[in-house]
Amino acid sequence: MIQPTPPIELAGTADHLVGDIAVLDDAFIESLGAVCPIDVSVAVTADVSRDWWPMSMHWALAGEVPRRAGAVARPTTTAQVSDVARLCNLAKVPLTVAGGRSGVCGASVPVFGGVVLDITAMQGIVSVDEVSGIVEVLPGTFGPDMEDELRSAHGLTVGHFPQSFDIATVGGWVACRGAGQYSTRYGKIEDMVVGLEVVLADGSVISTGGSPAAAMGPDLNQLFLGSEGTLGIITRVWLRAHPVPAEGRRTAYAFDSFEHGLEACRRIIRRGATPAVLRLYDAAESARGQGGDGRQNMLLVLDEGDPVVIDAVMAIVDDVAVSLGAENLGSALVDAWMHHRNDTSALQALTRKGFVVDTLEIAAPWSALGNIFAAVRTEMLAVPHARAATCHLSHSYLDGACLYFTFAATPPPDAVEATYVALWDAGQRAVLAHGGNLSHHHGVGLNRSRFMIEALGPAHGILVAMKHALDPNGILNPGKMALPSPFGHVAWP
Ligand SMILES: Cc1cc2nc3c(=O)[nH]c(=O)nc-3n(C[C@H](O)[C@H](O)[C@H](O)COP(=O)(O)OP(=O)(O)OC[C@H]3O[C@@H](n4cnc5c(N)ncnc54)[C@H](O)[C@@H]3O)c2cc1C
């Protein structure tokens, strides 16, 4: 069974965040241990209290976790999850679910301490309906384990391949509304979920969804998709699966400007072609990793499935690209990307050198993308110590796309945190000001909580009302999504 991958070495176990914290008393810990395997050792609770949030990787090197939980619970069944939730709810103890802990926004960080519920002891495929193409899977299952078994034993694939495929869980994909690199063919995770089993804050167990479509009121699957552990604990997931593709085809194109490449993606999608991978890199990113000469903007295209469909899709892609003056470069660049696409080592290496590095991914209508592309880079590069702000388009839709910015800065050691915050403020506010949203697939977590109310406006009140209705004691992942917390206040940023 795969286990979570630590983001970087941890040089100590002190708390970085300052503010209120819930202390667990002995009687509570004893009752928790009576219903579920637990661990209260400092080393273990420190490790489960952090994720791949780039800011906290700097803290880890300085010997700090964001906030250390008092205990970690490791349930193996839904009944144990229910018992843990019930106990925490009665005792009014914060309860934060952690999956692969690959989140990049501090979403699984236990801001007020309390209990971390490590869901990764609940792993594996439970059943497969091969006729309908539906897989029932436990939430702590990591991507490779699910896909390997689905492909080899059932000839099926879910088609969800995030860059963090090896280090993230099915429950984490659902809780964060994740997106895989093949999303233009297979959709985001919210398109793949048939149904969910969820444990609510009081320990009750409910099921949502279950059919290919419904008209029975609002879609309750979608209530928990993206809820980041604040509304319920996902204990079982039913996902749609496709036949393993018979064939695949790859081609790359070079455009003379990012804007021409954007227009190509828009026309391809609006003509009805949905190649599994459609990724457009700006000139800087093309030169850095996609074979560009510093002026070229590379478009990588990959499709797979039925050969009849692929032929049609690739014909539309070629027609559009050539009509916009792009050069067809063949498949070699896509082959190279396939080899390095899930390499996550650069982040650790740059963090150890003192660089501030992170990514900001957003979605916006096609008509807004050009302005967002320009504004985010301008605003970020104006921040003191900023070194780079680059961009690629990673996921396309009928009405718009996801732009994914990567930024870096080299501040002096005492300005790392301030520079990080300033870069996020500059980039995220430029996105919101030009018609983009808060996040396409990384989610909100702790880092983006401060933008939630300006991003959602008065609709944030609906989220608050749902939180009160489902979790009246506010125990589930408190301190996130700008939801009110009964546990007090913790300062970030
Ligand atoms: C190098 C790198 C590349 C990445 N690339 C991608 C990418 O291509 N696409 C993408 O979408 N994301 C990507 N991510 C982000 C991250 O992998 C995703 O957000 C992922 O879905 C998180 O899953 P996890 O199991 O690690 O969840 P965690 O990080 O453990 O948790 C994330 C949030 O989900 C909640 N949660 C987890 N499990 C459950 C559950 N069972 N029930 C309720 N709530 C739960 C947690 O409380 C937390 O709020 C990347 C991350 C890294 C480090």
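Which of the 36 residues around the ligand come nearest? Gly99, Gly103, Gly171, Gly172 and Gly229 do. The legends below describe close-up views of a predicted model.

**View 1. The shell around the ligand draws on helix and strand elements.** S5, helix H6 (170–176) and strand S12 (233–240) each supply at least two residues of this shell. H6 gives the largest share, 5 residues. By class, the shell holds 15 nonpolar, 18 polar and 3 charged residues. Among the nearest residues are Gly171 and Gly172.

**View 2. The ligand lies between domain 1 and domain 3.** Three assigned ranges divide the protein: domain 1 (125–243), domain 2 (247–340) and domain 3 (345–444). Why is the ligand placed between domain 1 and domain 3? Both domains give residues to the shell around the ligand, so the shell lies between them. The centres of domain 1 and domain 3, taken over C-alpha atoms, are separated by 28 Å.

**View 3. Domain 1 touches domain 3.** On the domain 1 side, 9 residues make the contact; on the domain 3 side, 7 residues do. The domain 1 side divides into 2 nonpolar, 4 polar and 3 charged residues.

**View 4. An open sheet is built from 4 strands.** The strand order is S2-S4-S6-S5, with mixed pairing. Strand S2 (38–39) and strand S5 (95–98) form the edges, each pairing on one side only. Strand S4 (residues 71–73) and strand S6 (residues 115–118) run parallel and are joined by 3 bridges. Alanine 71 has valine 115 of S6 as its bridge partner. Edge strand S5 also supplies at least two residues of the shell around the ligand.

**View 5. Helices H1 and H4 lie across strands of the sheet.** Helix H4 (residues 78–91) lies across S4, S5 and S6, at about 170 degrees to S6.

**View 6. Helices H10 and H12 make a right-handed crossing.** The axes of helix H10 (residues 258–270) and helix H12 (residues 307–323) come within 9 Å. Their crossing angle is roughly 145 degrees. From H10, the contact takes Ala264, Arg267 and Ile268. From H12, Ile316, Val317, Val320 and Ala321 take part. The contact residues comprise 6 nonpolar, no polar and 1 charged.

Technical notes: Residues numbered from 1 in each chain as written. Predicted model: local features only at pLDDT ≥ 70, side-chain atom pairs only at ≥ 80, totals over all residues. Axes fitted to C-alpha atoms, helices over the stretch in contact; angles between N-to-C directions. Left-handed = near helix turned anticlockwise from the far one by under 90°. Contact = placed C-beta atoms within 7 Å. Nonpolar A, V, L, I, M, F, W, Y, C, P; charged D, E, K, R; others polar. Pairing = 2+ DSSP bridges. Near = placed C-beta within 6 Å. Domains from an automatic or database assignment.
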